[in-house]
Structure formats: structure tokens, C-alpha cells
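Visitor: I would like to learn how to read a model like this one. Please take it feature by feature.

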Amino acid sequence: MAEQESALRPGQEALAPPLTGGWLQQHFAYTERGSSLRQEVLAGLTTFLAMVYSVFVVPSMLGKAGFDTSAVFVAVCLTSALGSLLMGFWANLPIAVGCALSLTAFMAFDLVLGQQLSPAVALGAVFLMGLIFTLISATGIRTWILRNLPLGIAHGTGIGIGLFLLMIASNEVGLVTRNTGAGLPVALGDVTSMPVWLSVVGLAAIFGLERRRVTGGILLVILGLSAIGLVFDPNVRFTGLFAMPSLLGEHSLIGTMDIGGALNAVVLPSVLALVMTAVFDATGTIRAVAGNAGQLDKDGQIINGSRALTTDSLSSLVSASLGASPAAAYIESAAGTAAGGRTGLTAVVVGLGFLMLIFLSPLAALVPSYATAPALMYVGLLMLGGVRHLNTDDTVDTMAGLVCAVFIVLTVNIVTGIMLGFCTLVLGRLFSGELRRLNVGTVLIALALAVFYLGGWAL
């Protein structure tokens, strides 16, 4: 355990022995990892407060696509709880799982509103994505994909989804609107309206609170803007605080997925786009958080990495079955590792927190769009940080990645952006005389996407 102990931050004091031994110590081995029972619980609470905003943002987005917000609230809580508990007990890593905002946006605004798929078919697509994701994680194909697919396209997809989130949030509150006259398709909205200026103020508040490392800063902004709406906005009404979760009621989404409808030639490319996005995004998140917690071995590999990756992918199967968007490891878990979380007990505390939250579903209907828009904008801006990972020494790869990113937004279609990124990469290598830098997988994906679009099968 010398490597793990040396991963503690410089200046961190030696921890006192844990309050108790027993089963928790035997299973999680937090003493050996330089932690304690108290430290793991506090770290879990920190992560929970940092990511709990998702239970308001995800229902808000899916609600625009016709999903019942109360049912989605319950599904998000259960997905986050079960995924985090599995990550904690099985993988023994301080990584929490929840419904990914980027993939939620893809599901709501691309699959349902953009391609006019029914919510049931969209859930079927998420289930297929989780199934493929689990198979490639368990068989090692996920590692092969990471090793062979172009990094420019991988990072470009993340950047594009970040821009996608910014466009969605800005349009939702009226900051950016459709231009019905001559000129470009978008225009500035009414900046004097309450939703617009509250969103901008909320975004600035998140900047400040995150800079000051205030735990749960995003959640505090959402609650604050919701309170302002409750006082001044007649459309915001308090309908209660507690409610028993209706798991099998009239509006329940459990088991409503249409897998057969998702096994359609026009839907499968979107399923593969979900898989590819999740492969790069989730793997990077898990590695970053595990490294922050000192849970990398002497070869730089994630301790219990295969279990962590499999848990991550299995969680999307769970989320689709419950009626929620694809699940993924949350980068907010880094807040917990910064607070001292080193073992899966941190994730277990997060999971228990989401289980208790399931009884507060009326709060989901109380939160207006201008309260969740700043959170979406902030996450979108964070995703733009992927620009720094582009290899500027390889201009073909970098430019293809930027083509992917920009056209995700310009076409409002993630698959289209990925298609253009792959095709420009392959053609760019051809014209630059660098065909040897391409691998078979990249060429086959580019050809398949080009045929799909040229054949007129794309939506």
C-alpha cells in the first residue's frame, strides 16, 4: 500500500485510527488507504451536495421532451443510488454515478425532439447503448476503442456537446431565440425578461461559488433562483415537499422502453454515438477521480478499474429500465476525493443520500427552467475545456475534431457532427499524404457514416 499512501496530498496530516473496526473496515479497508470512517462519510456528503443538482436538471430537460418530471425525478434518484452503491460495494472506489447531463441533452433534444422518436423508443436506445457499453467494457473492446479511435474526434465530441448544452439552456430561457426574419437563424432574445437576467446572474453566482469552493454551490444557486421564482413568478407554485414514490403508478416510466423500436436502421447510429461519447467521457472521468484519490497502481492503471468501468456501463441499463437518461461516473466525485474520500464507502454514502431524496419528488415540479439553466450553461462551459486536450501539433486531427464540435451545434445533431469529423479526418489524411496514420477502425467508421448519410437514411 506504499504507493497509495504516498498519493496523499503534501502536507496532509496523518489520520487518527478509525472509530470502529468491524465489517466496514474489513470490506472497504479505509485505514489502509489512509482514511477513516468519519472522513469517508464527510467525503460522501460532499460529493452528494456537489451533484444533487442533477435531480432537478435532468427532469427539466426530459420534461421538455414529454417525459413526466416526477417519474423522471424518481428514476434519476434510483439510478444514482443503485449506480453509486454498486460502485462503492463492488469496485470500492469513491466515484459516484448519476444521469449524465450531456447524454440527457442528446436523448431529449436530439433523439426525441429532433428525430421525433417516442420517449419509449429513446429509452430503448439508451438500453441498447448500455448493453453494448457493458459488452465492450467486459470484453476489453473498450480499451481497444480508446487506443485506436482518433483523439481529435473524441475530444471534439465532448466540446460539441458542451456547446450543445449552452445552446439548449440559452434558448430555453430566451437568451438566444430563433430569428424569424432575414439573416442568421438565431438572434438575441429579450435581455430584460426575468428568466434571462436571472439565468445570467445565476451563472455568474456559480462562477463565484465554485471559485470559492463552496460545497453544493450549484445546488444553492438552483434553490435560490427557485425561491425568487416562487415569490415573483406566478407560474411557480409550491405543491408540497414529501410524496411516496409511485414506482408502478399511472405515470411510471419503469419498463416502458421500446427496444424493438430502437432496433431500427435510422436509430442505431444514434445508439453508437451514445456509446462512443460515453466511452471517452466516462473513462476519462473515472481515471481522473481515481487518480485524485490515489487509486492508481504502480503502472498507472485504475485499481479495480475493470469493475469500475463495468459498473459505469451497467448503470445505463438500470437507468433505461427505470425511465431515465444514460448514467455515467460524475466528475463532481472529485469534490469528495478532495475532502478525503479514498474508498467505496464514499460512494455508498452518496447512494444512500439519493435513496432518501426519492421521497421529495414534488420539488422537481417547483424548479423553473431559469433555475436549472445556469447549471446547464456551467457544465457546458466546463466541457469546452476539452480544447486544451487537442493535439495542436497534428493539425489534421485537431481540425477534424473542431469540425465535429462546431457542426454538432450548427446542425443540432450529434451524429452529424461525428460523421463530418470522421470524414474530414480520413480525407485530410489522404490529401496530406498521411494515410499510414489511419487505422482500419477509423476508416470503416467514416465509410459507414458517409454511406448512411449519402443513402438518405439519416434523420
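Guide: Start with the radius of gyration: it is taken over C-alpha atoms, and the globule rule is 2.2 Å times the number of residues to the power 0.38. With 459 residues, a compact globule would have a radius of gyration near 23 Å; the protein has 22 Å, which agrees. Along the principal axes, its C-alpha atoms fill a box of roughly 65 × 60 × 40 Å.

Visitor: What should I keep in mind about the source?

Guide: This is a predicted model, in which local features need pLDDT of at least 70 and side-chain atom pairs count only at pLDDT 80 or more, while totals for chains, interfaces and linings use all residues. Residues are numbered from 1 along each chain as its sequence is written, and side-chain values use heavy atoms, with hydrogens and water left out.

Visitor: How many helices and strands does the protein have?

Guide: Both are DSSP runs, numbered from the N terminus: helices are H or I with at least four residues, strands are E with at least two. Here there are 21 helices and four strands.

Visitor: What share of the residues is buried?

Guide: Buried means under 20% relative accessible area, with a 1.4 Å probe and protein chains only. Of the 459 residues, 54% are buried.

Visitor: How do I read a nonpolar core?

Guide: In soluble globular proteins, nonpolar side chains tend to be buried together. A nonpolar core is a set of buried Ala, Val, Leu, Ile, Met, Phe, Trp, Tyr and Cys residues joined through side-chain atoms within 4.5 Å. The largest one has 118 residues; among those touching the most other members are Tyr 53, Phe 67 and Ile 222. Helix H7 (residues 119–139) gives the largest share of this core, 10 residues. Apart from it lies another core of 13 residues, including Leu 93 and Val 289.

Visitor: Which residues are in contact with Tyr 53?

Guide: Contact means heavy atoms within 4.5 Å. Leaving aside neighbours within four places in sequence, the partners of Tyr 53 include Leu 101, Ile 222, Glu 332 and Val 379.

Visitor: Is Ile 408 buried or exposed?

Guide: Ile 408 is buried, at a relative accessible area of 0%. It is found in helix H19 (residues 395–410). Not counting residues up to four places away in sequence, Ile 408 touches Gly 156, Phe 164 and Gly 417, among others.

Visitor: Where is Thr 47 found?

Guide: Thr 47 is in helix H3 (residues 37–51). At 1% relative accessibility, Thr 47 counts as buried. Beyond four places in sequence, Thr 47 touches residues including Ala 96, Glu 332 and Val 350.

Conventions:
Buried < 20%, exposed > 50% of the residue type's maximum accessible area, 1.4 Å probe, protein only.
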